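This briefing concerns helix packing and charge pairing in one protein model. Please keep the sequence and the structure in view while reading.

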Amino acid sequence: MTVTVGDLYTRLFAAYGEQHWWPGETPFEVMVGAILTQNTAWANVERAITALRQADALSPRALRALPLERLAALIRPSGYFNAKARKLRALGEYLGAHGDDIEALFRSRPLDELRDELLMLHGVGPETADSMLLYAGNLPSFVVDAYTIRILRRLGVIQPDERATYDAVQALFHAALPRDARLYNEYHALFVAHGKDICRAQRPRCESCSLLPDCPAGTASGAGDNGGRAGDRVV
């Protein structure tokens, strides 16, 4: 029997506990981090944010005023720094159009309208926009990432041959769960914890997975019988 979305949250929370996400000191820093974390590890993002802070450049005004070359140099640790500098400039200009008042911005219009505006920004896709809405704006827009899709596929919630679009997966959670930002925050963080530590893309640690009894991918590989040799399998 396929595990349900509600039951999955309960199981993951029991395994990992509260995650205290997102790692950012202010809503603006969270928005910057949502762009910088594209295609890189969070440790690299932290180095880039530290460089911005030390250069007194961690503000919407600075993103607008700094030459792109200087901004790119500061965020170099995050990778794709030239492209990300242009994305940050677009974010700074967007915030400037709203008086640099992020809290007022997130209170100013319905969530769907805000999301559409964010998706119009250069370099902002659904995962980045939803991360900003959820973690900077405390608005209930579920974040779907590669960990989420990988775990759902292996559990059979998404069939292996099913085209799992971002919007379709997000709709699955919006339909099954209350529209609650705190719940969405915690659930996404739990997916990250499980995907990084256990349900890895390469060599998943099925033998240590609390979800193994309900995971077709893990049980089919014999992980419960052979001490986790399923680690050689990629799903």
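The model is predicted: local features need pLDDT of at least 70, side-chain atom pairs count only at pLDDT 80 or more, and totals for chains, interfaces and linings use all residues. Residues are numbered from 1 along each chain as its sequence is written, and side-chain values use heavy atoms, with hydrogens and water left out.

- Helices (H or I, at least four residues) are DSSP runs, numbered from the N terminus.
- Two packed helices are described by the angle between their axes and the distance between the axes.
- Helix 1 spans residues 5–16 and helix 12 spans residues 181–197; their axes come within 10 Å and cross at roughly 65 degrees. That angle makes the two helices roughly perpendicular, a term that applies from 65 to 115 degrees.
- Axes are lines fitted to C-alpha atoms, for helices over the stretch in contact, and angles run from 0 to 180 degrees between N-to-C directions.
- The crossing of helix 1 and helix 12 is left-handed, meaning that the near helix is turned anticlockwise from the far one by less than a right angle.
- On the helix 1 side the contact (heavy atoms within 4.5 Å) is made by V5, L8, Y9, L12, F13 and Y16, and on the helix 12 side by L183, E186, Y187, L190, F191, A193, H194 and D197.
- By class, these residues are eleven nonpolar, one polar and two charged. Ala, Val, Leu, Ile, Met, Phe, Trp, Tyr, Cys and Pro count as nonpolar, Asp, Glu, Lys and Arg as charged, and the others, Gly among them, as polar.

**Helix 10 against helix 12**

- The axes of helix 10 (residues 146–155) and helix 12 come within 9 Å, with a crossing angle of roughly 70 degrees. Helix 10 is therefore roughly perpendicular to helix 12.
- Helix 10 contributes Y147, T148, R150, I151 and L152, which meet F191, V192, H194, G195 and K196 of helix 12.
- Five nonpolar, three polar and two charged residues make up this contact.

**Salt bridges**

- Side chains of opposite charge can pair when their charged atoms come close.
- The structure holds eight salt bridges, each being a side-chain nitrogen of Lys or Arg within 4 Å of a carboxyl oxygen of Asp or Glu.
- One of them joins D130 and R115, with the closest N and O atoms 2.7 Å apart. D130 lies in helix 9 (residues 126–136) and R115 in helix 8 (residues 111–119), 15 residues apart, and the pair links distant parts of the chain. Both residues are buried, that is, under 20% relative accessible area, where exposed means over 50% and partly exposed in between (1.4 Å probe, protein chains only).
- Salt bridges with shared partners join D7, R11 and D214 into one network.
- D7 is partly exposed at 30% relative accessible area, and R11 is partly exposed at 21%.
- R53 and E25 also form a salt bridge, at 3.9 Å from N to O. R53 is partly exposed, at 36% relative accessibility, whereas E25 is exposed, at 64%.

**H188**

- H188 is located in helix 12 and is buried, with a relative accessible area of 3%.
- Leaving aside neighbours within four places in sequence, H188 is in contact with W21, Y135, F142, V143 and D145.

Methods:
Parallel < 35°, antiparallel > 145°, perpendicular 65-115°, else oblique.
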